[in-house]
Number of protein chains: 4
Amino acid sequence: MRVGVLTGGGDCPGLNAVIRAIVRKGTQSYGHEFIGYRDGWRGPLEGDHVPLGIPAVRGILPRGGTILGSSRTNPLKTADGVGRIRASLAEQEVGALVVIGGEDTLGVAARLSDEYGVPCVGVPKTIDNDLSATDYTFGFDTAVGIATEAIDRLHTTAESHMRVLVVEVMGRHAGWIALHSGLAGGANAILIPERRFDVDQVCAWVASRFRASYAPIVVIAEGAMPKDGDLVLKDGSLDSFGHVRLSGVGEWLAKEIESRTGKEARTTVLGHVQRGGTPSAFDRWLATRFGLHAIDAVHEGDFGKMVALRGTAIVRVPIAEATSRLKTVDPTLYEEAANFFG
Amino acid sequence: MRVGVLTGGGDCPGLNAVIRAIVRKGTQSYGHEFIGYRDGWRGPLEGDHVPLGIPAVRGILPRGGTILGSSRTNPLKTADGVGRIRASLAEQEVGALVVIGGEDTLGVAARLSDEYGVPCVGVPKTIDNDLSATDYTFGFDTAVGIATEAIDRLHTTAESHMRVLVVEVMGRHAGWIALHSGLAGGANAILIPERRFDVDQVCAWVASRFRASYAPIVVIAEGAMPKDGDLVLKDGSLDSFGHVRLSGVGEWLAKEIESRTGKEARTTVLGHVQRGGTPSAFDRWLATRFGLHAIDAVHEGDFGKMVALRGTAIVRVPIAEATSRLKTVDPTLYEEAANFFG
Amino acid sequence: MRVGVLTGGGDCPGLNAVIRAIVRKGTQSYGHEFIGYRDGWRGPLEGDHVPLGIPAVRGILPRGGTILGSSRTNPLKTADGVGRIRASLAEQEVGALVVIGGEDTLGVAARLSDEYGVPCVGVPKTIDNDLSATDYTFGFDTAVGIATEAIDRLHTTAESHMRVLVVEVMGRHAGWIALHSGLAGGANAILIPERRFDVDQVCAWVASRFRASYAPIVVIAEGAMPKDGDLVLKDGSLDSFGHVRLSGVGEWLAKEIESRTGKEARTTVLGHVQRGGTPSAFDRWLATRFGLHAIDAVHEGDFGKMVALRGTAIVRVPIAEATSRLKTVDPTLYEEAANFFG
Amino acid sequence: MRVGVLTGGGDCPGLNAVIRAIVRKGTQSYGHEFIGYRDGWRGPLEGDHVPLGIPAVRGILPRGGTILGSSRTNPLKTADGVGRIRASLAEQEVGALVVIGGEDTLGVAARLSDEYGVPCVGVPKTIDNDLSATDYTFGFDTAVGIATEAIDRLHTTAESHMRVLVVEVMGRHAGWIALHSGLAGGANAILIPERRFDVDQVCAWVASRFRASYAPIVVIAEGAMPKDGDLVLKDGSLDSFGHVRLSGVGEWLAKEIESRTGKEARTTVLGHVQRGGTPSAFDRWLATRFGLHAIDAVHEGDFGKMVALRGTAIVRVPIAEATSRLKTVDPTLYEEAANFFG
């Protein structure tokens, strides 16, 4: 059988490890042939593909990004998208698709598989860790590690000047990176999209930290919002922040802290460094195992399923179920982290 | 209540994170007081202790090792050990002990708790990841990360000279570090204590890798043994390896590969760097959560229990059960890694 | 003799290494006693000091920041600043000051020493590497290393989406960090304050890189300015950038590239992570040697001098000379880097 | 003109950066063509070469090792070696050779150039930093960084168990890596080949450190020798150490310390990890500049010369002069480091 592979959505450390595992095991154990579709769903939509054999995947395990390219193209929003994909698969004699992506990319795979009979197996991918049905997604551990190392560094600069440092990390809809890196980095406050924050409470934590003769670090997810959001919007400042990545809620908060506490505050927005570069050992391990189990599912004809991590086991779940709702931060986990606020 | 804390056995990144979490939550939420016993079980045995308040645990989260010191002292093998520990706890008015350690240290805690009524709560610790009843132990992720980074580096030197590089990692009885770092590092063979290896098979993998114009990396746990171990012992060489840490099975294997394949082979023994230094973000997260849940168990009087990771949840299990058998590498996981051999 | 030590200006990895070296050698070899003044010139101005013996400096070598705190207080702009400093030194029986700082802090030391006879020895400090008379300052190598690692990571995310990544690094008046990290990170354009950049030229480099099927990385110092700066100011956008750290010239450039080339562009502002955390081995080496040589100068009564690196030797130069002009990027070095643009 | 490039001797981070710089500037600025000879001098000896254009050198800047392979083949010890190299250059129409290597490889280039008129330009390469005429060689900073990070990690494990840790680093004939990493890592003793060490003195330093309630780290170069070497040799143990890399002088010293002080001591031999993997930013910078200046020398026909670093400038020196003597550790630098022993 010939199998197509594609990677969609934002790039994520570990994508290449998945591709390598699929091709290695599929070729060696099952005699599959592979082609790689380029730039996510754009590939099969336009028939843009490259051959994908073992030589092509040598050496890619430690490399970030994806050798297949990525895009946010959505065939369900494209004229005759499904028909063109079917025609493409037929033309390239592709009998199954392995779709590696996040909520949007997998959502397409679920519908293609369930409604249109296109044989898809899904591999979950998001550095945000907000996909249901899997304990973790690859890329997340790498992102948390990078953010934690940055927070470690910021502690010493904060201490030297006894100023507040606000660190804005990724996470528009879920605060997993903020929660994990904040806890691992010894943050004195962690603010996540799941619960609107009270600036006065943040200032109280800041003051408490200064009283202990230490300088506070506040970790905030880019999607976190203050309780008094309306007021903020009224003066126009958050409005412009809404679409300007680099002067977001972190910078807004730093100014609020300065004006309310009289202490200097600075902001660091970690940005894209969180999603690039070599994957952590954990993410290489998880991505590789996802790849191996995905090609097993293809071999067994178990389509419409997605691989997922449960404890230390890789299981299969319906793609549709996995993408049906966002996995947000569990309040009890947030309460654990809150033991260290202030 | 006054609570005693001790850390026993080999040091491990994350120990300080556990101590900090116990003291922070215990002080703030439950009003406990804390003392730290020094050097594992030697502390309560000899009444050697230090006060342990929130100021003492500030800033220790990212620091490797243990501020309390460690030892392998076993009170059950000491004259009147149990009596002396009881007397010590009584004298210091300590109503509960949190015991952070591996198989040996926790084994003592299990017996003290179950047989002698000393109120202990356990926290599992081993970089080897070989404790039953928990998905992972803290320190393991850090060790795997360090080993993986070393393997990444060794690939380029192997390629430049087209020689074999044998990397010996920790793991006397279980091959978890070898398995995870070998898979994450793209090793061409992984040899673990759980299955005796066949040198000819290793040489076949080495040859296969050279045929693909790449240089092979062989990752071997320090406790791995060849199938033809008897022959080895007969010529005396492995005998001396048995107690000389630095010329162990890795070096023996490199020489065998050289003599059987005619290719140059070199050995690197990673040694103690695997267990020192700042913990990874994952290990800080796990260690912190273990600490928080351990002090909850103390507060609830749930003694004789150990905290453990199951999926993303922290649960409690009887200490005795957790230390009753070694967690060795699951054969199916080893087979997954074997997809990349050769 | 009792010697005072202070650290002024922005924090910088290696400050603690200097302090440790001064105290170790001064105590052991010369029998000096030490006190540390807190927060730069504020310390002697207000008589705020701490004892500084060998125990106080143990373990601080690898730690970023400064155990003495820092500030930008300028005694020459303070009522009777010089008098108060003299009184303070007399009261604490301090016979010499070691002043660790950048242009401003050392500028004060030069005048205090040359005009008012306060016995000062200087140690140059700036992550920006823009102090004359020394080949390098400590902190710079650490900052370049952090920026380079970030650029390495950004390459993979740029490639995966075939978009432009603009990386804004520190450097208001000199482009050293941009130059070194850009060259080491394989940037396709490097923009520095020393020469106004031509956006069309940048777009040409970007286009050239895309033609080679790679995604471009543009490294820009925060103080770099476009040639057509007037036009920029006219629409008001750069005006607000002037004092808002996080939406600076990097973001402005990304938008210009997007609108002129039609390619997606993203910005990452590295910010304070460049100046925090553990110093690189090179910086620990340089800072330690600066400290050793500074205390030698104190011992010899060679005041008004600053230690400096020339090749592999540490020399002494008049503080006044060293701070008289900014060391900007040598045009021939910039031309070297330009071999890799596009 | 067609230019040949080769890399000889042990691999070293930065080799690829040199190659890339040569090819980029040579092609773009001078219109040169390039071929790469494989495996050092074996390449031209056997005519084994690959085409080397800009596409071949894209992306190699951050990669350790050498894309051209390396060997220790010496044409001057090969039958008609010079004649075969001349024939090879003639056949491939190569008008100049850029030779990147250490003492041996460059020694050949010097004689080929000076005695036989083969037009060579040299680029110095050794992680050991022991080549005369240049302040530093690339690869050295990377090696020092790796060793320093390892020492950082070992401190925490030493402290936790209050044991001595002996760290053996590279350096058979010169102690540069030991000196720099030992000083940067806060070692309590540094032992180098340039001066025979006194075990009792080492034990005194160890004891002094324990008295301060800290655990000692001893950094030793693999080529360091004890003063009482004869006694050592008499019992045969050092003899076998001479050619067994992994049970070298470090392990011997640890045993001596244990038996003389009664304290536990452990050894870590860093080995090949010091020479593999991605180069540091400094090494990429230096290697790139060496490459740019080497191709300038080729263009100017300035043969028999080697590029070298002096302060921040790249200069040219006769190859023969540069390789005529080993650059050993300056005693005054060693004395600087000795301020921190004990």
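A:Asp152 forms a salt bridge with B:Arg284, with 2.8 Å between the closest N and O atoms. This pair belongs to a predicted model, and the count between chain B and chain A is four salt bridges. Polar contacts also cross the interface of chain B and chain A: twelve residue pairs meet the rule, both residues at pLDDT 80 or more.

Several helices of chain B carry the side that touches chain A. At least two residues each come from α1 (15-30), α6 (140-161), α7 (176-184), α12 (281-299) and α14 (331-338) of chain B. Of these, α12(B) gives the most to that side, with eight residues. Sorted by class, the side of chain B that touches chain A holds 17 nonpolar, 13 polar and eleven charged residues.

The extent of the interface can be given in residues or in area. In residues, 41 of chain B are in contact with 41 of chain A. In area, about 3,600 Å² is buried between chain B and chain A, and carbon and sulfur atoms give 59% of this. Three residues, B:Trp285, B:Asn339 and B:Phe340, supply 20% of the area that chain B buries against chain A, more than any other three residues.

Chain B is superposed on chain A by a rotation of 180° with 0.0 Å of shift along its axis, at an RMSD of 0.0 Å. The two copies are therefore related as by a two-fold rotation axis. Within chain B, B:Gly311 has the C-alpha nearest the axis, 1.8 Å from it. Both copies use the same surface, since 100% of the contact residues of chain B recur in chain A.

Key. Residues numbered from 1 in each chain as written. Chains lettered and ligands numbered in written order. Predicted model: local features only at pLDDT ≥ 70, side-chain atom pairs only at ≥ 80, totals over all residues. Heavy atoms only, no water. Contact = heavy atoms within 4.5 Å. Buried area = accessible area lost by both parts, 1.4 Å probe. Salt bridge = Lys/Arg side-chain N within 4 Å of Asp/Glu carboxyl O. Polar contact = N/O pair within 3.5 Å; in protein donor to acceptor, adjacent residues only side chain to side chain. Helix = DSSP H or I, 4+ residues; strand = E, 2+ residues; numbered from the N terminus. Nonpolar A, V, L, I, M, F, W, Y, C, P; charged D, E, K, R; others polar. Least-squares fit on C-alpha atoms with pLDDT ≥ 70 in both.
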